[in-house]
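This report concerns a single protein chain. The sequence and the structure are shown first, and the description comes after them.

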Amino acid sequence: MRQETHSSDEQDALATAAEWFAAIDAGTADMSAFERWRASDPRNAVAFARIARSWQAMEDVGDLDPDRQRAGNGAKEVAPARLTRRGIIRGAIGAGAGMLAIGAGVLADSAPSEAHTRAGERRMVALPGATSIVLNGDTAISWRKHDKHIEVWLERGEIALVLREAPLPLLVHGGKASALLEPGRYNARLTGGLLDVGVIRGTAALSISNTVSADGSGSIVKANEAALVGRETHLHPMNSKQVEALLAWPHGEIVFNDEPLSVAIERYNRQSPVRLVLGDPALGNIRVGGRFTSSNPNSFLKALRASFDIRAERTDKAVVLMGGKKFIRSDLAVPAS
């Protein structure tokens, strides 16, 4: 693997820029402090513009944008605070564009060859070939750049990928399966040691041999389809709600679509720093639905209490869910608050 040499100052600027971006996206950033940091060194503006540009590629989803879907269904469009944060980010892209053009050669391959997150964290990395990857919580990946393609190993967890036009071919390995991805947008996660690939835009060629070749041989997954790959490949279509769920988590939201509470808790425990535990296994059969903020489960817990009388008892290590009189009504869905 070819390894570029970069100064520690450049590495620090990129790492700090990613932290600022996450804070702005979550609405927790001190904007005065951010502006002081960005103005203190031209490299800071370059680094933030690069991070913001890579993340902007994650939102290039046309009619599949969940904000547009909600607006089309008569719901409110994006909250003003969210629009304000996106405006700041887009403004930063423009402000750093000139310096980015000068510094692009220096920063292009500055990312390390591996990345990981803890539960409740998200992280975005930019790979060579105009590829952006977002790591969900409790996720680990590694990658290697070859002369004509890039390989990514999903070691645990879940990732969202965007490949712009004419990137280097990208191979994603997970478990004993592999996927060759064309330009487009994808989701990949390990489920019980099996590779679960969702295609939002583009085409993925799958193989169970872990040796997908550049000719793309293997099972083909197209847009709005998903596949679970183990000893066999199980292909199935995705409906609009399933696609919406894949689009939501990279932006700090979590969508449940008539899922067992046990599954919902597993997903929350990946995306939230607050660990949820079922105090009664029977609660796991309740089916829930709704859209919530992934970083804070309070609205989700309130909805569980209102719909099923499920109590949240906090301990030092977790929030334990205990059943009430209404929890047996498993045909009810949890409304989004």
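The following paragraphs treat the chain as a whole, then an aromatic cluster, a helix, a pocket and several individual residues.

The model is predicted, so local features are reported only at pLDDT of at least 70 and side-chain atom pairs only at pLDDT 80 or more, whereas totals for chains, interfaces and linings use all residues. Residues are numbered from 1 along each chain as its sequence is written, and side-chain values use heavy atoms, with hydrogens and water left out.

**The chain**

The chain has nine helices and 19 strands; these are DSSP runs, numbered from the N terminus, with helices (H or I) of at least four residues and strands (E) of at least two. Of the 337 residues in the chain, 48% are buried. Here buried means under 20% relative accessible area, exposed means over 50%, and partly exposed lies in between, with a 1.4 Å probe and protein chains only. Among the contacts with a separation of 6 or more, 54% join residues 24 or more positions apart, a contact being heavy atoms within 4.5 Å.

**Aromatic residues**

A pair of aromatic rings is described by the distance of the centres and the angle of the planes. Rings of Phe, Tyr and Trp (its six-membered ring) pair if their centres lie within 6.5 Å; planes under 30 degrees apart count as stacked, over 60 as edge-to-face and the rest as tilted. Six aromatic pairs are found in a search of the whole structure. One of them joins Phe256 and Phe292, whose ring centres are 6.2 Å apart with planes at 45 degrees, so this pair is tilted. It links distant parts of the chain, since Phe256 is in strand 15 and Phe292 in strand 17, 36 residues apart. Phe292 also pairs with Phe300: the centres are 5.3 Å apart and the planes stand at 75 degrees, so that pair is edge-to-face. Together with Tyr268, the residues Phe256, Phe292 and Phe300 form one aromatic cluster.

| Residue | Relative accessibility | Class |
|---|---|---|
| Phe256 | 2% | buried |
| Phe292 | 3% | buried |
| Phe300 | 0% | buried |
| Glu158 | 6% | buried |
| Ala205 | 5% | buried |
| Asp138 | 33% | partly exposed |
| Asp309 | 22% | partly exposed |

Helix 8 spans residues 261-271, and its buried residues are Leu261, Ala264, Ile265, Arg267, Tyr268, Asn269 and Gln271. The elements that cover these buried residues include helix 7 (240-248), strand 15 (253-260), strand 16 (276-278), strand 17 (287-293), helix 9 (298-308) and strand 19 (319-322).

The second largest pocket holds about 820 Å³ of space. On a 1 Å grid over the protein atoms alone, a pocket is an open set of points with protein on both sides within 12 Å along at least five of seven lines, whereas a cavity is a set where a 1.4 Å probe fits but cannot get out; lining residues have an atom within 4 Å of a point. Grid points are joined across faces, edges and corners, and the volume is the space filled by probe spheres set on the points. The pocket is lined by 29 residues, of which Arg189, Asp196, Glu259, Val263 and Arg267 are the closest to its centre. Helix 8 gives the largest share of the lining, five residues. The lining has twelve nonpolar, ten polar and seven charged residues, where Ala, Val, Leu, Ile, Met, Phe, Trp, Tyr, Cys and Pro count as nonpolar, Asp, Glu, Lys and Arg as charged, and the others, Gly among them, as polar.

**Individual residues**

Glu158 lies in strand 6 (residues 158-163). Its side chain makes a polar contact with the side chain of Asn136 at 2.8 Å. A polar contact is a pair of N or O atoms within 3.5 Å; within protein, one must be able to donate a hydrogen and the other to accept it, and residues adjacent in sequence count only if both atoms are side-chain atoms. Beyond its neighbours within four places in sequence, Glu158 is in contact with residues including Asn136, Arg189, Trp249 and Arg270.

Asp138 is a residue other than glycine with a positive phi, near 55 degrees, and its place is in the loop between strand 3 (131-135) and strand 4 (140-145). Asp309, likewise not a glycine, has a positive phi of about 60 degrees and lies in the loop between helix 9 and strand 18 (311-314).

Ala205 lies in strand 11 (residues 204-207). Ala205 and Leu180 are 25 residues apart in sequence, with a C-alpha to C-alpha distance of 5.0 Å in space.
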